[in-house]
Amino acid sequence: MAIAKAERLMNLALCLLGTRRPLSKRELRESIEAYLEASSDDSFNRMFERDKDDLRELGLVIETVENLDGEVGYLARRDSNRLPPITLDAEEAAALGLAAKVWQQARLAGAASGALQKLRAAGLPEDVDPYEAHGALEPRIPVHEAAFEPLMLACRDRRPVVFDYRKATAAHPETRHVEPWALECWRGHWYLAGWDRDRGAERVFRLSRITGKVRSRGSSFTVPVPDVVTVRETVAGWAGETADRSALIRLRTDAGYPLRAKATAVRELGDGWDELEIPYGHGLDAWLVEFGPDVVVLEPAELRADVVDRLRAVAKG
């Protein structure tokens, strides 16, 4: 069935692209074998309308023209369906490949693959492979959260959203009304930066803490969207990248390598423990909780209290 539909769509596209004048439904039905086999006019009309919509969704520009007799015809002009020359160097192609890989675990995987195929057909150099890793390490950006796709579309379309969000220190989620600005991947986690209408301030939300469905709202944004660089700085600050102090922690030997990479000082304590001094900024408590019993906060006292509160919230479920 899939092969038959693909062949039918291809034949319809070729007819519309190959004609110099609009073709009526009757002429298209007589030109395409699959349409001739339709059991009735109603069956043909439904099949044709679906095929026409599918081709438009794939990017084909189909014009509807009415002649002097009032008969409707269809055609796809070649100049309207031709991409301008595309020139991409290796770095640009690699960036496109990496962007496509973001959708590997999302429902947009097919669209991303189709976009790259269109670029290849439009002149992307054959010696440039957008999917090829350009280094010893291949970058991967996983997308596990169900909230990713609706939030990405809301950011693109500038649509406010509503979702239930559970803070690390809370036992139960609460409803948040947000004007989404941008999605950022930071340290392997996806974050949404936007304007929290309930609090009247910008906020950052970790997608893994969004529960239930993301619902869109028809209203418009109430505050301007900041520059993307500012959004990235905001995410970095909320994710704990902006540090103005130091914290002292105990860490099990051979554990917590991301923490060791950020440590400014490490001292062996023996008995399977090390003492680390690490930068302390907003979000460090949430990060430390992820290491569970492998981490013990020594100082400052407020950081230790925040980590304990988060662990208690997790224990409560």
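**Entry 1. Burial and the chain as a whole**

I take a residue as buried when its relative accessible area is under 20%, and as exposed when it is over 50%. By that rule Phe48, with a relative accessible area of 1%, is buried. I note at the outset that the model is predicted. Of the 317 residues in the protein chain, 37% count as buried. I looked up the accessible surface of the protein chain and found about 18,700 Å², with 52% of it belonging to carbon and sulfur atoms. The chain has eleven helices and twelve strands. Among contacts in the protein chain with a separation of 6 or more, 55% come from residues 24 or more positions apart.

**Entry 2. Aromatic rings**

I next went through the rings. A pair of aromatic rings is described by the distance of the centres and the angle of the planes. I found nine aromatic pairs in the structure. For Tyr35 and Phe48 the ring centres are 6.3 Å apart and the planes stand at 80°, so this pair is edge-to-face. Tyr35 belongs to helix α3 (residues 33-36) and Phe48 to helix α4 (residues 41-57), so the pair ties together parts 13 residues apart in sequence. I recorded Tyr35 as buried, at a relative accessible area of 0%. For Trp287 and Phe291 the ring centres are 5.9 Å apart and the planes are at 65°, so that pair is also edge-to-face. Trp287 is partly exposed at 23% relative accessible area, whereas Phe291 is buried at 17%.

I also noted a cluster in which ring pairs link Tyr35, Phe44, Phe48 and Tyr74. Apart from the ring pairs, I found Arg250 over the face of Trp273, at 4.8 Å from the ring centre.

**Entry 3. The sheet with β9 to β12**

I then followed an open sheet of four strands, with the order β10-β11-β9-β12 and antiparallel pairing. Strands β10 (265-270) and β12 (295-299) stand at the edges with a single partner strand each, so one side of each has no neighbour in the sheet. From one strand to the next the twist averages 35°. Between β10 and β11 (residues 273-281), which run antiparallel, I found five bridges. Val266 has Leu276 in β11 as its bridge partner. Helix α11 (residues 301-316) lies across β9 (243-252), β11 and β12, and runs at about 150° to β12.

**Entry 4. Backbone exceptions**

Most residues other than glycine have a negative phi, and most peptide bonds are trans. The peptide bond from Glu299 to Pro300 is cis, with omega near 5°. Pro300 lies in the loop between β12 and α11.

Asp271 is not a glycine, yet has a positive phi of about 55°. I located Asp271 in the loop between β10 and β11, and recorded Asp271 as exposed, with a relative accessible area of 80%.

Arg158, likewise not a glycine, has a positive phi of about 55°. Its place is just after α7, in the loop between α7 and β4 (161-165). Arg158 is partly exposed, at a relative accessible area of 40%.

Note on methods
Residues numbered from 1 in each chain as written. Predicted model: local features only at pLDDT ≥ 70, side-chain atom pairs only at ≥ 80, totals over all residues. Heavy atoms only, no water. Phe/Tyr/Trp six-rings, centres within 6.5 Å; stacked < 30°, edge-to-face > 60°. Helix = DSSP H or I, 4+ residues; strand = E, 2+ residues; numbered from the N terminus. Buried < 20%, exposed > 50% of the residue type's maximum accessible area, 1.4 Å probe, protein only. Lys NZ or Arg CZ within 6 Å of the ring centre and 35° of its normal. Contact = heavy atoms within 4.5 Å. Areas by Shrake-Rupley, 256 points an atom, 1.4 Å probe, with all protein chains shown as cover. Pairing = 2+ DSSP bridges. Axes fitted to C-alpha atoms, helices over the stretch in contact; angles between N-to-C directions.
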